[in-house]
Structures are given as C-alpha cells and as structure tokens.
Amino acid sequence: MRFSKTFLIGSVTLLALANSGSNIPVMAKPSTKTAPAPKPFSLKEKAEGAKYNTEILKEFGGPMQSPQTEYVVRVGKNIAMQSGLGNAQSDFNVTLLNSSVNNAFALPGGYVYITRQLVALCNSEAEMAGVLGHEVGHTAARHSEKRQSNATFASILGIGGTILGSVLGDSAGWLGAVGAGLKQYAGPLAQVFSLKYSRTQEEEADDFGIRYLSKAGYDPSALSSMLNALALQTSLDSRVAGLGDNAVPEWASTHPDPARRVARAAMRSKSYPASNVRNADAHFAAIDGMLYGDDPEQGVIEGQAFIHPQLKMRFTAPTGFGIQNGNEAVSVNGNTGKAMFTAAAFDGNRDAYISNAFKSVAGKNMAIPVRDIRRTTVNGIPAFYARSVVNTQQGQRAVSVFAYEWSPGTASHFVTITAANARPFDGMFESMSRLSNAQAAEVKPRTLRVVTVGRTDTVASLATRMAYPSLQTERFLALNGLTFNAALRLGQKVKIVTY
C-alpha cells in the first residue's frame, strides 16, 4: 500500500474461481455453429475506456516497465485482434500491471490488462493468451453494459464490500448502506467495472477465449488448463487468507465452480481443430527473473506480519487471519472479524478523521455514532481510536477505528468489523511499530525463477526452495498447475520463487 489522501477503491479479482466440490456434470456436446461477428468498438466505448484507463493504472500499481512488457503486449494484441473488435493492433491497448493480485480484465474501447502475478501463474504463452482472450470476450459480449444496467448498491464491491460481506451478511438494509458508502467514496470505476459477472457471462467469455485461441493457432484447450491452475491458486489463496479449504471468497461467489468450468472449457475446445501450439518454452524464457509477489515499494507480507520498508512501519495480524496487500490498502480477514488498513490526509482534527473513517463504512444512509475518542501511544507512535456498536439483522456488530499519527499531515488507520463481544484485533492495534533503517534494508523482493528438473529433483526437494516460511509444497504445486499426485519429468521446466 501507499499513503493516499483519499479513501480508496479496493482491488477486485474479475477472473476468479470459487472453491467448490469436485462433481463434474455431464454436458452436451458443444455447438459448432459460427458465432456472429461482434460490433467494432464505438467512439463512445473508446472514450469510456480512455476515461477509466487512468484510474485502472492508479489502482493496480501502474504499468510495469520490465523485460516482460513487450512480450505480454505482443501476445495480448495478437489475441485481441482475433475478436474483430478492431481493424489493427493499434486499436488495442494492452498493459502489464505491477500488481501482486491474480487479475485480468478489459474495458470497452480496446483496453486490456493483466497483472504480473497472473502472468507468472500461466504455464505457457497459450494459457496467458487464453486469459486475455477471456477478458476481451467480456467486452465483445458487452458484459460491462449489462452489469451497469443491472447494478445495485449491494453488488458494488470495493475494499469495504470485501471486508464487510461475510461478517455482516447480505442484509439488504445494512449492505445497502455499505454500498452507499462505497458509492460515496469510490470512483465510477469501482461502481461499474468491479461488479460481479454472472455465471452465464463467465461461460460466454470462456467460449470467446477458446475461439480466439483457435483462430490464433494455439491449442484451444489451453484455457481449460489455465482455469485449473486458477482453481488451485484460489484454493491456496483461501487457505493463506484464513478462509479454509472450502470457503468461498466474497468476490467469487457468483462464479461457476472450478470443476464444472474446467470440464466445460475442455469440452468446448474439442469443437475446434486440434493444435499442440502452447509455446511453453518461450513463456518460461520471458518470465524468468520477473518480480513475484509483493513489491517492497508497496509493502510485503511475511507470515502474519505486514512490513513496509519505505514507510518504515510494521504490524502483525492475529493468528489464523490472512493478510492481503492492495495498492493502497491492506485487508486482514478471519472467521471472527475483518479489518482494513489504509491512510488518509490528517489536519490534526481527530474527531473529523475518526468520523470520516466511520462514514466510509456506513455510507450516507446509516450513521454510526462516534463517542469517546480516546488517545494513546503505541510503541512511541501517537494514536487515537473509537469503537461503536451497531444493530444489524444478524445481531450487534462492533465497528472500530484505530488511527496513528505518523507525521504532520499524515495518518493511517485500521477499520475493523467484529461481533459486539469479540476483540480479536486488540493485539494487532498494539503491534504497530516503526522500522529502523537497518530493518527496512533487510526487506528483499521475491523473484520468479524457471528451473529444469534434474534426476534427483522431486516435488518435495524443489518446494523447499520456495522463499516462503509456510505452505511451500502447496505454493509450488499451485504455481506450476500441478496436483498433489503429479510426477515430475526429467528435463521438465518448472517455476520456483526465490529471494
């Protein structure tokens, strides 16, 4: 996260898979009918995409200037051209984003985005092209227009929606107020393009992606294998976030379950001419050495600790809670509460600062009473806080704001939501501390490395090289799209993460 003078829009994964059971339904043979050509982008759509492009770049870490950029742009423009939405590659704007979130999306007018984290998850050029083709498919089907026309406050998902959803439930009254709050503070981008796609829309975009893969000469089944890798990564992310193996993240609740979606994409791909073109070696050569995971400039997660070397700060989340770092906010999620850590301008008026933080949660249609703002010191940092209990249809909930005065004009704060009688975050509030220059210098970026499997290499031995203190085997398998019973081949290329 970076310090911000405004309340922010949360990152929402648009190409995400819910965790579910493994029952695979029997599906009819896909149709081989030729789909009608989509309408090219209108001038209005191009203007709309250009308008939101700046906001996208700000929210997702900005464009990445790296050796991988030209590769991603080239592949992205090639797959986008298969859509018929433009007459030349120059009609499309493809951006590699400096974000550690697995994410890809597209805006009307030819704007296509993929994060470096999702590029790293792909195990071939064809898989990456399939992801990008899926997102272009959303724009070909004009899904954003349909989402905008069907939008409700309760379906708007900024960072607040992610935090509040599972704790407060889907009460129309409370969640409606949450939506109003997000609408008040979030920009138009979050209100339109961060809405959920329906199951039908996701499947339709899959079909477009498969079609584009075939037209470009790739193996059309590459999207199916990519969806399988995403399913593995989503399951791992849920465990890391403290949601458990079977929990469904709030942002993924409308997506088709992984087993169904993987099987469906594999079936659809059989309608097209077979091809074995995946360009895996070219993809591995391109991504070798790429930054992986958190960018130290935005802070890093180490176990239960969030460390920001530039801001020289550190805090520790409670045991059993997962931490997710965004461009301008950090979320902390667990079964007994949710929290967000962010920053805002501070003119010395503590009452106004606390009040604004509460408003960002409640919105314009629900007032959270602010009483008894208290002052304290946490590890030498001046701090102030307030707690309020509100009634919801699910019972009483406690909303707390705990703020820290870092320097003149700048403060940061936690907003937490818990059951009224629960206080899981008190230790986290007290854990905030400043880093020394030496401690800040110790924070190192992680790097993706491609290695060739040798005669003595096993999943277990390669997993020990993963630069993480926990879940090393699970991280290695998900990164390489492998299941627990997978066997490595001599000479096979696999990815690891090192310092």
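**Helix α10**

I listed the buried residues of α10 and got A222, L223, S224, M226, L227, A229, L230, A231, Q233, T234, L236 and S238. I took buried as under 20% relative accessible area, exposed as over 50%, and partly exposed as in between, with a 1.4 Å probe and protein chains only. Helices are DSSP runs of H or I with at least four residues, strands are runs of E with at least two, and both are numbered from the N terminus.

I then checked the length of α10, residues 222-240. Its 19 residues should span 27 Å at 1.5 Å a residue, and the end C-alpha atoms are 27 Å apart, which agrees. The expected span is 1.5 Å times one less than the number of residues.

**Source notes**

I am working on a predicted model, in which local features need pLDDT of at least 70 and side-chain atom pairs count only at pLDDT 80 or more, while totals for chains, interfaces and linings use all residues. Residues are numbered from 1 along each chain as its sequence is written, and side-chain values use heavy atoms, with hydrogens and water left out.

**Whole protein**

I counted 17 helices and 17 strands in the protein. Of its 499 residues, 57% count as buried. For contacts (heavy atoms within 4.5 Å), I looked at pairs at least 6 apart in sequence and found that 71% join residues at least 24 apart.

**Helix α2**

I repeated the length check on α2, residues 69-81: 13 residues at 1.5 Å each should span 18 Å, and the end C-alpha atoms are 18 Å apart, which agrees. The buried residues in α2 are T69, Y71, V72, V75, G76, I79 and A80. Seen down the helix axis, they fall within an arc of 165°, so they line one face of α2. The arc is taken over the directions from the helix axis to the C-beta atoms. I looked up what covers these buried residues; the elements include β1 (93-97), β3 (111-115), α3 (116-121), α4, α9 (199-215) and α12 (280-287).

**Nonpolar cores**

A nonpolar core here is a set of buried Ala, Val, Leu, Ile, Met, Phe, Trp, Tyr and Cys residues joined through side-chain atoms within 4.5 Å. The largest has 63 residues, and I noted I114, L118, V119, M128, L448 and F476 as touching the most other members. Helix α4 (residues 125-140) gives the most to this core, with 7 residues. Another core lies apart from it and has 22 residues, among them M313, V332, A383 and F425.

Leaving aside neighbours within four places in sequence, F476 is in contact with V459, L462, A463, M466, L482, V494, K495 and I496.

**Sheets**

I traced an open sheet of 7 strands in the order β8-β9-β10-β14-β13-β12-β11, with antiparallel pairing. Two strands pair if DSSP finds at least two bridges between them. At the edges stand β8 (322-325) and β11 (374-378), each with a single partner strand, so one side of each has no neighbour in the sheet. The twist averages 25° from one strand to the next. Q324 stands opposite S331 in β9.

I also traced an open sheet of 4 strands, ordered β5-β6-β7-β15 and antiparallel in its pairing. Its edges are β5 (300-302) and β15 (433-434), each with a single partner strand, so one side of each is left without a neighbour in the sheet. Within this sheet, β6 (residues 305-308) and β7 (residues 313-316) pair in the antiparallel sense over 4 bridges, and F306 stands opposite F315 in β7.

I looked up D219, in the loop between α9 and α10. D219 counts as buried at 12% relative accessibility. Its C-alpha atom is 9.0 Å from that of E127, 92 residues apart along the chain.

N53 lies in helix α1 (residues 43-59) and is buried, with a relative accessible area of 13%. With neighbours within four places in sequence left aside, N53 is in contact with L107, Y111 and Y113. N53 and Y113 are 60 residues apart in sequence and 9.8 Å apart C-alpha to C-alpha.

Last, I checked Y272, in the loop between α11 (258-269) and α12. Y272 counts as partly exposed at 26% relative accessibility. Residues up to four places away in sequence aside, Y272 touches I210, R211, S214 and P220.

How values were computed: Axes fitted to C-alpha atoms, helices over the stretch in contact; angles between N-to-C directions.
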